[in-house]
Amino acid sequence: MKRPTTVLLTALAPVSWGTTYAVTTEFLPADRPLFTGMMRALPAGLLLLALGRVLPRGIWWGKAAVLGALNIGAFFPLLFLSAYRLPGGMAAVVGSVGPLFVVGLSALLLGQRPTARTVLAGVVAAFGVSLVVLKAAGALDTLGVLAALASTASMSAGTVLTKRWGRPDGVGPLVLAGWQLTAGGLLIAPLAFLAEGAPPALDGRAVGGYLYLALANTAVSYWLWFRGIGRLTATQVTFLGPLSPLTAAVVGWAALGQALTPVQLTGMALAFGATIAGQRAGTGKGAGTGKGARPGAGRPRRRTDPVHAPAQPVGR
């Protein structure tokens, strides 16, 4: 498959995630972020497990648990916590520095040398998102800022490790997504019941909202995301992330009657341009596919292989 098609299909994941806020506020019970996170992750993961019918083996039980915690189990609660405690849009701004996190982690774990063009694109993307989502200034909550940084670092680390570890033989992105969503959902479930109590009563709108989140917004989107990580560089994938807050702004304008100011439109243009630049920078000299992109990465070596080197090769 041609690379532009892969980029476009992978971009559908953050575009879908950009609808989460509107669906949550318009269809779902209020003040149940952990329950919502669990309902997004666990049913989607179990569905993909049923479709794939493959369970982890050996060391992949541990790897799946680690990736599920980073990409889902820790990311969802930290993201919701930061969104509740920070002024409007600030959590999204902190999250938009994810490409810079991934550039640094890719240098350490994948051997991808950062370039000035990539770093500049990351800075411009974060600045553009800030113009789109930031509202009137308010007092910053320390815990909220730390949670936002931790959620961004968690997803960034999960993206790079997914790229580095690859997949076992015979395992596709659908199965890998199922492992991680199930592991992450199981991690969130006890937190949801301990912090929020019994599940709320659900009406038809809520059931429809949760079905959308579990199927299109999570099962399909994470399958596309992990598929993209397997075929693109970690840098290219993470530079698609700013499409999420941009989509949220467009949905707010089209469906919720929210106005878009000239400053916001300028920010959208900057962030979108940086996203495109990030795709080109991710394929430039020094970016490559890193150690983690070679075929068979993360897969068991045959016993006849005399060198049992560590598997090295994705976002989540």
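These legends accompany close-up views of a predicted model.

View 1. The protein chain has 14 helices and 0 strands. Read along the sequence, the pattern is α-α-α-α-α-α-α-α-α-α-α-α-α-α. The chain holds 316 residues, and buried ones make up 50% of them.

**View 2. Aspartate 31 sits in a loop.** The loop lies between helix H2 (20–27) and helix H3 (33–52). Look at the backbone of aspartate 31: phi is positive, about 60°. Yet aspartate 31 is not a glycine. Is aspartate 31 buried or exposed? Aspartate 31 has a relative accessible area of 56%. The cut-off for exposed is over 50%, so aspartate 31 counts as exposed.

View 3. Arginine 53 is placed between H3 and helix H4 (60–73). Its phi is near 55°. That is a positive value in a residue other than glycine. Arginine 53 is exposed, at 73% relative accessibility.

**View 4. Helix H4 packs against helix H9.** Two packed helices are described by the angle between their axes and the distance between the axes. H9 covers residues 142–165. The axes of H4 and H9 come within 7 Å and cross at roughly 150°. Angles over 145 degrees count as roughly antiparallel, so H4 is roughly antiparallel to H9. The crossing of H4 past H9 is left-handed. From H4, the residues in contact include Trp60, Lys63, Val66 and Leu70. From H9, they include Met155, Gly158, Leu161 and Trp165. By class, this contact of H4 with H9 has 9 nonpolar, 5 polar and 1 charged residues.

**View 5. Helix H4 also packs against helix H10.** H10 covers residues 173–196. What is the angle between H4 and H10? The two helices pack at about 65°, with their axes 7 Å apart. H4 and H10 are therefore roughly perpendicular to each other. Their crossing is right-handed. Among the contact residues of H4 are Trp60, Ala64, Gly68 and Ile72. H10 brings residues including Leu176, Trp179, Ala183 and Ile188. The contact of H4 with H10 divides into 12 nonpolar, 6 polar and no charged residues.

Technical notes: Residues are numbered from 1 along each chain as its sequence is written. This is a predicted model: local features need pLDDT of at least 70, side-chain atom pairs count only at pLDDT 80 or more; totals for chains, interfaces and linings use all residues. Side-chain values use heavy atoms; hydrogens and water are left out. Helices (H or I, at least four residues) and strands (E, at least two) are DSSP runs, numbered from the N terminus. Buried means under 20% relative accessible area, exposed over 50%, partly exposed in between (1.4 Å probe, protein chains only). Axes are lines fitted to C-alpha atoms, for helices over the stretch in contact, and angles run from 0 to 180 degrees between N-to-C directions. Angles under 35 degrees count as roughly parallel, over 145 as roughly antiparallel, 65 to 115 as roughly perpendicular and the rest as oblique. A crossing is left-handed if the near helix is turned anticlockwise from the far one by less than a right angle, and right-handed if clockwise. Contact means heavy atoms within 4.5 Å. Ala, Val, Leu, Ile, Met, Phe, Trp, Tyr, Cys and Pro count as nonpolar, Asp, Glu, Lys and Arg as charged, and the others, Gly among them, as polar.
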